Amino acid sequence: MGLDLNAIDLAEYIDSALLNPTATPEQVVHCCSQAEQYKFPAVCLYPSAVRQAAEFLHGKKTKVCTVIGFPTGATTSATKLYEAQEAVEHGAVELDVVINLGWLKAGQTNAVYREIAEICEETGQTVKAILETALLTDAEKRLAAEICMDAGAAYLKTSTGWYGGATVEDVRLLREITKGQIGIKASGGIRTLETALNLIAAGATRLGTSRGLELLSQRDTLEKD
């Protein structure tokens, strides 16, 4: 494995994701309850679940995160901004925003910048820019990362999980670009303890996963062995 298991508290890295479109209010409560119990930094939910999650986690350390422009990033800037502002009004304090990949590939870098910068400025909350690295070349990843850093994003997030997941190589590249100035959230396909630890070793400061408890269980089993 890429990291000493005893050197970290794995739970401190986990953004517990519930991004199944069929998720019920009962499942939202269950996700929030587990996140609070295991002291995960955040739960990541669809915007329609934000108010419920914020009420449940009021006064708790676990934060409410939601996704904006998810999963394609192809909604208009005005739509994304409204979605972000409404989510904040409902209690979200972290916003995982999918960038407009078509603009990026077309060289419309100013438009990508303005969209992220406006959300950062107007909401005043933690923005994690989702780059969807599986769909980008290394040059495009670097360009997207630099744009989002300049725009005020607090984290770069690798993926939505819809088109491919996080890789050690992508996280390592983002760490090289960011030089520790902002966080890196690895997301998508994190199913094993080995994968999680290798991503952390590569530079991930958050892990977006729906399998947080499974990862902790794998850790506990390994420690007993």
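The model is predicted: local features need pLDDT of at least 70, side-chain atom pairs count only at pLDDT 80 or more, and totals for chains, interfaces and linings use all residues. Residues are numbered from 1 along each chain as its sequence is written, and side-chain values use heavy atoms, with hydrogens and water left out. Helices (H or I, at least four residues) and strands (E, at least two) are DSSP runs, numbered from the N terminus. Buried means under 20% relative accessible area, exposed means over 50%, and partly exposed lies in between (1.4 Å probe, protein chains only).

**Salt bridges**

- A salt bridge is a side-chain nitrogen of Lys or Arg within 4 Å of a carboxyl oxygen of Asp or Glu. By this rule the count is 16.
- Aspartate 15 and lysine 185 form one of them, at 3.0 Å from N to O. Aspartate 15 is in strand S1 (residues 14-18) and lysine 185 in strand S7 (residues 183-187), so the pair ties together parts 170 residues apart in sequence.
- Aspartate 15 is buried, at a relative accessible area of 0%. Lysine 185 is buried too, at 1%.
- Aspartate 96 and lysine 157 form a salt bridge at 2.9 Å, N to O. This pair links strand S4, which holds aspartate 96, to strand S6, which holds lysine 157; the two are 61 residues apart.
- Aspartate 96 counts as buried at 0% relative accessibility. Lysine 157 is buried at 2%.
- Aspartate 170 and lysine 141 meet in a salt bridge at 2.6 Å, N to O. Aspartate 170 is in helix H7 and lysine 141 in helix H6, 29 residues apart. Both residues are buried.
- Salt bridges with shared partners join Asp15, Glu94, Asp96, Lys128, Lys157, Lys185 and Arg206 into one network.

**Aromatic pairs**

- Rings of Phe, Tyr and Trp (its six-membered ring) pair if their centres lie within 6.5 Å; planes under 30 degrees apart count as stacked, over 60 as edge-to-face and the rest as tilted. The whole structure has three aromatic pairs.
- Tyrosine 46 and phenylalanine 70 pair edge-to-face, at 5.9 Å centre to centre and 75 degrees between the planes. Tyrosine 46 is in the loop between strand S2 (42-45) and helix H2 (50-56), while phenylalanine 70 is in the loop between strand S3 (63-68) and H3; they are 24 residues apart. Both tyrosine 46 and phenylalanine 70 are buried.
- Phenylalanine 70 and tryptophan 162 have ring centres 6.2 Å apart and planes at 85 degrees, so this pair is also edge-to-face. Tryptophan 162 is in the loop between S6 and H7, 92 residues from phenylalanine 70.
- Phenylalanine 70 is buried at 16% relative accessibility, whereas tryptophan 162 is partly exposed at 49%.
- Ring pairs link Tyr46, Phe70 and Trp162 into a cluster.

**Helix H5**

- Helix H5 (residues 109-123) has 15 residues and should span 21 Å at 1.5 Å a residue; its end C-alpha atoms are 22 Å apart, which agrees. The expected span is 1.5 Å times one less than the number of residues.
- Buried residues in H5 include Ala111, Val112, Glu115, Ile116, Ile119 and Thr123.
- Their cover includes helix H3 (77-89), strand S4 (94-98), helix H4 (101-105), strand S5 (126-130) and helix H6 (138-151). Contact here means heavy atoms within 4.5 Å.
- Glycine 124 follows H5 and has a positive phi, near 70 degrees.

**Backbone features**

- The peptide bond from phenylalanine 70 to proline 71 is cis, with omega near 0 degrees. Proline 71 is in the loop between S3 and H3.
- Glutamate 132 is not a glycine, yet its phi is positive, about 55 degrees. Glutamate 132 is in the loop between S5 and H6 and is buried at 1% relative accessibility.
- Lysine 179 is not a glycine either, and its phi is positive at about 55 degrees. Lysine 179 is in the loop between H7 and S7 and is exposed at 64% relative accessibility.

**Surface patch**

- Leu135, Trp162 and Tyr163 make a nonpolar surface patch of about 310 Å².
- Patches are made of residues with over 30% relative accessible area and no salt bridge: like charges are joined within 9 Å, nonpolar side chains (Val, Leu, Ile, Met, Phe, Trp, Tyr) within 5 Å. Accessible areas come from the Shrake-Rupley method with a 1.4 Å probe; for residues, only the protein chains shown count as cover.
- Tyrosine 163 lies in the loop between strand S6 (155-157) and helix H7 (168-178). Tyrosine 163 is partly exposed, with a relative accessible area of 38%.
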